[in-house]
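Visitor: I would like to learn how to read helix packing and charged pairs in a model such as this one. Could you take me through the features step by step?

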Amino acid sequence: MPAVQFWFEFASTYSYLAAHRIERAAAAAGVPIEWKAFLLGPLFRRQGWENSPFVLNPARGRYMWRDVERTSARYDAPFRRPSVFPRASLLAARVAILGEGEAWLPEFARGVYRANFAEDRDISDPAVIEAILTKAGQDGPSLLGRAVEPENKERLRRQTDRAWEIGIFGAPTFVVGDEIFWGNDRMEDAFEWYAAREGKGA
């Protein structure tokens, strides 16, 4: 059976929490995972929203921030509410598309999330992304150059379109075959579903 797909967005608070813990949780469950970057903005617009629902609905936003504070403490994940939300995640996502299937992608992704949600740094700044790539042992300038090539821009657009086609509307989302599980708190459900189907030879 294919790996569990982890669809994530760098501007998403709950994707940050999921990225912080997914590798340990997947290893404990014996489940392979595949990291899939995409953009929420185009999906929100398809739903009639011009911004994050956490911005459009202040009560929902207040709840989210407090929930993320509580959950970060439970996971021992560093957290500082960013001064800008949601932050532009386009450049980071384009780099992540280049890293799909590469061993360096999880470390890079966690570095971007830390910059955004623990260090309050601007993840749309090429210098910030380059530093994260360098720390992950990669050639930052080269990857940044490749990230903005037309072919790679189109790859991210196609991947975002694919997310919508399979029913994704928020992040993080875990995809197991034809099943989707939305939210950091559905990670274990996705892993259990995978394990049950894998045991049946699905």
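**Helix packing and salt bridges**

Guide: In this predicted model, the axes of helix 5 (residues 90-98) and helix 9 come within 9 Å, and they cross at roughly 95 degrees.

Visitor: How are helix 5 and helix 9 oriented to each other, roughly parallel or roughly perpendicular?

Guide: Crossing angles of 65 to 115 degrees count as roughly perpendicular, and helix 5 and helix 9 are therefore described as roughly perpendicular to each other.

Visitor: Which residues of helix 5 and helix 9 meet?

Guide: From helix 5 the contact takes in Leu 90, Ala 93, Arg 94, Ile 97 and Leu 98, and these meet Asn 152, Lys 153, Arg 155, Leu 156 and Gln 159 of helix 9.

Visitor: Let us turn to the charged pairs. What is the general idea behind them?

Guide: Side chains of opposite charge can pair when their charged atoms come close. With a cut-off of 4 Å between a side-chain nitrogen of Lys or Arg and a carboxyl oxygen of Asp or Glu, the count in this model comes to 13 salt bridges. One of them joins the side chains of Glu 23 and Arg 110, with 2.5 Å from N to O.

Visitor: Which parts does the pair of Glu 23 and Arg 110 tie together?

Guide: Glu 23 belongs to helix 1 (residues 13-29) and Arg 110 to helix 6 (residues 105-117), so this pair ties together parts that are 87 residues apart in sequence. Glu 23 is partly exposed at 35% relative accessibility, and Arg 110, at 24%, also counts as partly exposed.

Visitor: How many residues apart are Glu 165 and Arg 162 in helix 9?

Guide: They are 3 residues apart in helix 9 (residues 150-165), a separation of about one helical turn. The side chains of Glu 165 and Arg 162 form a salt bridge at 3.7 Å, N to O; Glu 165 is exposed, with a relative accessible area of 57%, whereas Arg 162 is partly exposed at 44%.

Visitor: What are the accessibilities of Asp 185 and Arg 186?

Guide: The side chains of Asp 185 and Arg 186 meet in a salt bridge at 3.6 Å, N to O, where Asp 185 counts as exposed at 52% relative accessibility and Arg 186 is partly exposed at 37%.

Conventions
Residues are numbered from 1 along each chain as its sequence is written. This is a predicted model: local features need pLDDT of at least 70, side-chain atom pairs count only at pLDDT 80 or more; totals for chains, interfaces and linings use all residues. Side-chain values use heavy atoms; hydrogens and water are left out. Helices (H or I, at least four residues) and strands (E, at least two) are DSSP runs, numbered from the N terminus. Buried means under 20% relative accessible area, exposed over 50%, partly exposed in between (1.4 Å probe, protein chains only). Axes are lines fitted to C-alpha atoms, for helices over the stretch in contact, and angles run from 0 to 180 degrees between N-to-C directions. Angles under 35 degrees count as roughly parallel, over 145 as roughly antiparallel, 65 to 115 as roughly perpendicular and the rest as oblique. Contact means heavy atoms within 4.5 Å.
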